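Here's a quick briefing to read alongside the model. Have the viewer open and follow along.

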Amino acid sequence: MDVRRRTTIGLILGLILIGFVTPGPGAAAQEVGNLLENGSFEWDWRHQGAAELFFPDPWRLEYRDGDHPWCASPCKRPEITINEEYVADGAYSVRAFAPAHSRALFALYQEFEAEAYSQVTLVCQVRTTSRPEGGLLVAAAIQPWAGSFFESSAIRGEATRVRDEWTTVTVTAPVYGGGRGKAAVVYEVEWPSQNNTVWIDDCELTRAGAGCPPCECPELPSCPPCGSGELDWDRMRDVIRSELANREPVRWPR
Ligand SMILES: [Ca+2]
């Protein structure tokens, strides 16, 4: 091989190598890894069934009110709207607040798909205020089953209380139920107060670990035995739910 040909091959290999190791534009690289759609609340804003519920697709809302015992104070539906004053990323954030003199418990969430049994990490930026100071908690949460966030199987990360600055909330959790889960920012007002407000922005959900085959559950000591290769979903669900129910902090007010 002559020198010129070797040089040409070397240049081509070098360019390929540079192509592999040089990161692309920051925004594009982040989008590839984010399992959420519209995680920064930048588009598809619309009223979601009521004038005081204005937030973007594909985010959804779950909340408690009415006859639930915890809501004797009572609980009221949150009010949610677009915000441009406090923004952690892009041009918009979500502003959600509890009506005065009421408790509140809600989850702003969206469904996602991930590899079944894999671990995912949700990270969101939140900013909160409460005047006069109330018992306000905000946390990231994962529901591994795509069920309700008020089931004990929901996994909630460490909660932050009132912080008048952008604060990171995060949680890492497994995904069961055929690889469909829900990711949320949850907001809880423990006792009736005023001006309990949270701003939410820049949510990212990423894959954090490899999938666990159905017959291997290293973190679950009572994992059901494998039969003839068929997964007993009912038994698996019962075992995992009982395990998750005993973890802290996963308990919701009752
Ligand atoms: Ca944003």
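What share of the contacts in the protein chain with a separation of 6 or more comes from residues 24 or more positions apart? The figure is 72%, where a contact is two residues whose C-beta atoms, placed from the backbone, lie within 7 Å. Keep in mind that this is a predicted model: local features need pLDDT of at least 70, side-chain atom pairs count only at pLDDT 80 or more, and totals for chains, interfaces and linings use all residues. Residues are numbered from 1 along each chain as its sequence is written.

**Confidence**

- The protein chain has a mean pLDDT of 76, with 69% of its residues at 70 or more; pLDDT is the predictor's confidence in each residue, from 0 to 100.

**Overall make-up**

**The core and S6**

- The largest nonpolar core has 47 residues; such a core is a set of buried Ala, Val, Leu, Ile, Met, Phe, Trp, Tyr and Cys residues joined through C-beta atoms within 7 Å.
- Strands that each supply at least two residues of this core include S5 (93–97), S7 (119–129) and S12 (197–209), while S6 gives the most, with seven residues.
- S6 is mostly covered, as nine of its 12 residues are buried.
- Leu108 is among the residues with the most contacts inside the core; leaving aside neighbours within four places in sequence, Leu108 touches partners including Phe55, Trp59, Val94 and Ile200.
- Strand S3 (residues 60–63) runs antiparallel to S6 and is joined to S6 by four bridges, with Tyr63 opposite Phe106 in S6.

**The open sheet**

- Five strands line up as S4-S5-S12-S7-S10 in an open sheet with antiparallel pairing; two strands pair if DSSP finds at least two bridges between them.
- Strand S4 (79–83) and S10 are the edge strands, each pairing on one side only.
- S5 and S12 run antiparallel and are joined by four bridges, and Ala96 stands opposite Val198 in S12.

- Most residues other than glycine have a negative phi, and most peptide bonds are trans.
- The peptide bond from Asp57 to Pro58 is cis, with omega near 0 degrees, and Pro58 sits in the loop between S2 and S3.
- Asn38 isn't a glycine but has a positive phi of about 55 degrees; Asn38 counts as partly exposed because it has 17 C-beta neighbours inside 10 Å.
- Asp44 isn't a glycine either, and its phi is positive at about 60 degrees; with 12 C-beta neighbours inside 10 Å, Asp44 counts as exposed.

Note on methods
A residue is buried if 20 or more other C-beta atoms lie within 10 Å of its own, exposed if 12 or fewer, and partly exposed in between; C-beta atoms are placed from the backbone.
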